[in-house]
Amino acid sequence: MLLPPPPGVPAGDVVHKILSTLQADDISRCIKGDSLMVELAKKLCFKHGHDQEQFRTLRTKLREIARLLLEFRQTSRNEKATLSDIIVPSKFEVLLTAVRSLAGFDKETHQYLTPSLALKLGHSLKKVAMLVVSKALIDGNDVKERQARDFLTLISENWDWEVSSHALRTLYQGKRNNPKLIPLTSDVVLLSKYLKQEAER
């Protein structure tokens, strides 16, 4: 039995089904209790909701953003902060701190414990900001539109310097430290001969 849907979500809708299957914790409560988060869920579900194989990916994306919002609340010392409060230029530095904390940024090595999360959050934040721009245009909210567009400018001009470059370097270093071992040609030949001999027995 599905739990009651959040406001604005029809009962039995794909969004309702996905949100109802989220693990019951602070993260899922954060998702269901934030109107912009629910709007993001609607957009993601409209794009991928026809494919049930994408449901896990959708839930993961939503949980990543919700985890960031929870981290942002701690960093900003504002327990009532919403996802919309993140998409504000004046909060960009606080957001960077929250992203680094969540992804495990090391100030000495400038590497991340989870670099892929840092990269994915950057992509998701752009989508959220564009969602805010669209809603502001529809509502005729010039202030929100300008804030979101300015936020996108900050992301475009600063995210690579502040986040992506270090995350990509961490991934590259990880691959260098864990190279994939390719078998020698001689080993492949020996294995092939052995298998052939076994097959002829």
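About 160 Å³ of space lies in the second largest pocket of this predicted model. Eight names turn up around that space: Leu40, Lys43, Leu44, Lys47, Lys127, Met130, Leu131 and Ser134 line the second largest pocket. Two helices show up here, with H3 and H7 each supplying at least two residues of the lining. Sorted by class, the lining of the second largest pocket comes out as four nonpolar, one polar and three charged residues.

Next comes the largest pocket, with a volume of about 190 Å³. Its lining is made up of Ser35, Leu36, Glu39, Ser84, Val132, Lys135, Ala136, Asp139, Asn141 and Lys144. Helix H3 (35-48) and helix H7 (115-139) are the elements that give two or more residues to this lining. Of the contributors, H7 gives the most to the largest pocket, namely four residues.

A disulfide is a covalent bond between the sulfur atoms of two cysteines. The structure holds zero disulfides. Are cysteine 30 and cysteine 45 buried or exposed? Buried means under 20% relative accessible area. Cysteine 30 has a relative accessibility of 5%, so cysteine 30 counts as buried. Cysteine 45 comes in at 7% relative accessibility, and therefore cysteine 45 counts as buried too.

Note on methods:
Residues numbered from 1 in each chain as written. Predicted model: local features only at pLDDT ≥ 70, side-chain atom pairs only at ≥ 80, totals over all residues. Heavy atoms only, no water. 1 Å grid on protein atoms, 1.4 Å probe; cavity = no way out; pocket = protein on both sides within 12 Å on 5 of 7 lines; lining within 4 Å. Points joined across faces, edges and corners; volume = space filled by probe spheres on them. Nonpolar A, V, L, I, M, F, W, Y, C, P; charged D, E, K, R; others polar. Disulfide = S-S within 2.5 Å. Buried < 20%, exposed > 50% of the residue type's maximum accessible area, 1.4 Å probe, protein only.
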